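Here are a few notes to read alongside the model. Please keep the structure open as you go through the points.

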Amino acid sequence: VHDVVVIGGGNAALCAALTARMAGATCIVLERAPREFRGGNSRHTRNLRCAHAAPTALLEESYTEGEFFDDLLRVSGPDTDHVLARLVVERSSDCPAWMQRRGVRFQRALRGTLQLARTNAFFLGGGKSVMNAYYAAAAQSGIDVIYGADVIGLDLDGASFRAAIVSRDGREERVEGRAAVVASGGFESNLEWLRQIWGAAADNFIVRGTPHNTGTLLRLLLDAGAQPVGDPHACHAIAVDARAPKFDGGIVTRLDTIPFGIVVNSGGERFYDEGEDMWPKRYAVWGGLIARQPGQIAYSIVDASVTGRFMPSVFPPITADSVSALATRLELPAARLETTIETFNRAVRPGVCDYTVLDDCRTEGLQPNKTHWARRLDTPPLVAYPLRPGITFTYLGTRVDERARVIMADGNPAPNICAAGEIMAGNILRQGYVAGLGMTIGTVFGRVAGEEAASHARE
Amino acid sequence: MPVNDLLQRGTHVMTVCNACRYCEQFCPVFPAMEQRVTFSAGDLNYLANLCHNCGECLYACQYAPPHEFGINVPRTLAEIRLQSYQDYCWPRALAVMFRQHSLATAIALAFAFTVMLAVATALLNPGALTRDASDADFYAVIPHGVMVTVFGGVFGFVLLALWIGLARFRNQTWSESAKSEKSDQVSFRALRDVLTLRHLHGGGVDCATTEDYRRPWRRWFHHCTFYGFLLCFASTSVAAVYHLVFAWHAPYDYMSVPVILGTLGGAGLVVGPAGLLVLRTRRDPALGVPERERLDDAFTVLLLLTSVTGLVLLFARHQPAMPALLVVHLGAVLALFVTLPYGKFVHGVYRASALVKFAREQAAEQVATRVS
């Protein structure tokens, strides 16, 4: 019997395990993925948001707790659990040092060009490097890690954890523990569950992260009477290249071309203002927009005049010298696409184009208009990228208290079950996203859950 | 693997990397890559020779095998780099031949040169091989003039071949250069990167042996090898000056400058190559090209053979075995020299050139950023 059973193998899970072990508890980590794909969605992350009062080796200037809190509330809305949000913000500042002590390396805060250099500490080599460091630290401190361990059931005594039922290599086994930390992510890669929300459209979604976040533990906990938190239908989704792999495409499948041209659906029609706001504030609306288009597909079309203005795509652009040739290559109705582009070009008003501000280049008389960065598409070749909704994470989670304990339907905390990471992020983030927040929530609550579980196990 | 497939894979890898950029602070390869949108053969050869094979980016990569993108930057660049040694080499046919069985060829060459020297000495300088060697007079075995002619000739050929290789490398990679800025400061930066092997611990930690194992030894053994080589070269140069300018003739005292330099250098060339050979067996095979295609071992073994025979010769120079030891040592040195342009040695030439190019491109980018 281990003192603490950690279910999950991403950032929050390892933070919990390392903390519990440090507190003297024996610990086992049940990671569902094989070793090569360990680390859940954390392996795709790049940075962590943290408050700091003065410039550090990792972060420029300062980012006060108040500012961080405001940034969080601005996207998440008033329903956010303020106590938990404050906890995350307050405890964010010592995360980098804590991580460094466990072998995590950060980038130097060199590149002033990155908008996030003030608010976010960047991992050297990205999230997979972080996970490598954590797993190495886990091995060193004597934490047992089981890969390919699919937790399919929980043995509970009321709301008290007794054992996890693990399926591994076709065999079932019980893993008993005095306390459990559930850090197994959301349900964004559970296609069946997504279908219940989005219908057949879900079949055309691309899952940006791990295929292992099927929400099994979320479902088990909710069925066992844990209080849900967050919109069960909501997910964070962006526009990704339609040629991306179904799972685990990560960062490279995103496309930043949208503000530089127009986006049409499979009917060759525009359907949303491509220049509504600065791209970092708008990229996350496009997943949902495309999900509502026929066939869940759209095409970003730019012309040669903006080449080099966006991050290069991992997939080759589809190019053509004329609209009709492009329509053929994209299998779009040629006449319709020609009309769309002609009408768009005619509607462009004169202006001074500047992609760094909300400029005065816009269209007039269109439905919908493009309100900024509207330039005629007339420099051949035309360049297109197919787009699909790429789902990042889901918001539904289990309610927890400030000790990361899972709150049951009667309002009382489960005595020895904690939750950390994406499975409880909905307490703090109800909608939207601020870059690097997921890793902050995972790190802070992973540590809180690890302390709590270890102290319970010692009693 | 056919060259086109290799370049195509290099392009695939760099395209994924350029859309990700998580590794950008590990080493110069990634910032250099970010200055490019497309990747020509010249670009790939430049990036491949810029890579120090520290291994960090493989372990950090979310797209590493078994991911379907199958990204392995260290191995892909190692393969391109190996191909580039052959492409730039002069004459190419020799490089192609040498690569077939480089280690066996290297040892066979050392053996053949030893036999040739022994036979020539026996025929042209009767009795030299069996003479009383207590005077430690190498030139009584092989006359000074003969040594200068043979080694001078080989050395001249080696320099020419290396120079042509470098010219070809620059011709292909520098012609497609991004903007570049030249200054003393930039040259200094490049020189520092060459001399310190800074990019073998660019990530703040030493280069990876395996995923979770990072130690400084690869860097230190390389330093031993590199500086050992330089010290031996310095020793020979000082001795040449002694001989030609001051007419002070060998053998030199154990506490003389040439012998001290040579002994230190020889020690470095024993410790360094031996260490590198051991480390190579422990390194994660995923980081390099497959065993059979490697050139490293031939060069390293010849270095080791040269240094060991040289040190033995030094300490046994008054013994009757001296003439035989001298012939063996010179055979090893000849084999080492002759194979320099066709083996692993060239990595130093191209890596240095790539680091200079990198320093200049970065300087140009900084200028551009300041202006805008």
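1. In helix α7 of chain A (residues 216-223), the buried residues are A:Leu217, A:Leu218, A:Leu221 and A:Leu222. Buried here is under 20% relative accessible area, exposed is over 50%, and partly exposed is in between (1.4 Å probe, protein chains only). After α7(A) comes A:Gly225, with a positive phi near 100°. Helices (H or I, at least four residues) and strands (E, at least two) are DSSP runs, numbered from the N terminus.

2. A word on the source: this is a predicted model, in which local features need pLDDT of at least 70 and side-chain atom pairs count only at pLDDT 80 or more, while totals for chains, interfaces and linings use all residues. Residues are numbered from 1 along each chain as its sequence is written, chains are lettered from A and ligands numbered from 1 in the order in which they are written, and side-chain values use heavy atoms, with hydrogens and water left out.

3. Some backbone spots to look at. Most residues other than glycine have a negative phi, and most peptide bonds are trans. A:Gln296 has a positive phi, near 55°, in the loop between α9 (285-291) and β13 (298-303) of chain A, and is buried at 9% relative accessible area. A cis peptide bond links A:Pro380 to A:Pro381, with omega about 0°; another joins B:Ala250 and B:Pro251, with omega about 5°.

4. Do have a look at B:Arg360, in helix α15 (residues 346-371) of chain B. B:Arg360 is buried yet has no salt bridge, and the nearest side chain of opposite charge, B:Asp184, is 8.6 Å away. For charge, Lys and Arg count as positive and Asp and Glu as negative, with His and the chain ends not counted. A salt bridge needs a side-chain nitrogen of Lys or Arg within 4 Å of a carboxyl oxygen of Asp or Glu.

5. How much area is buried between chain B and chain A? The value is about 2800 Å², with 52% from carbon and sulfur atoms; buried area is the accessible area (1.4 Å probe) that two parts lose on being put together, summed over both. Four salt bridges are found across this interface, and B:Glu211 and A:Arg35 meet in a salt bridge at 3.5 Å, N to O. On the side of chain B that touches chain A, α1(B) gives the largest share, five residues.
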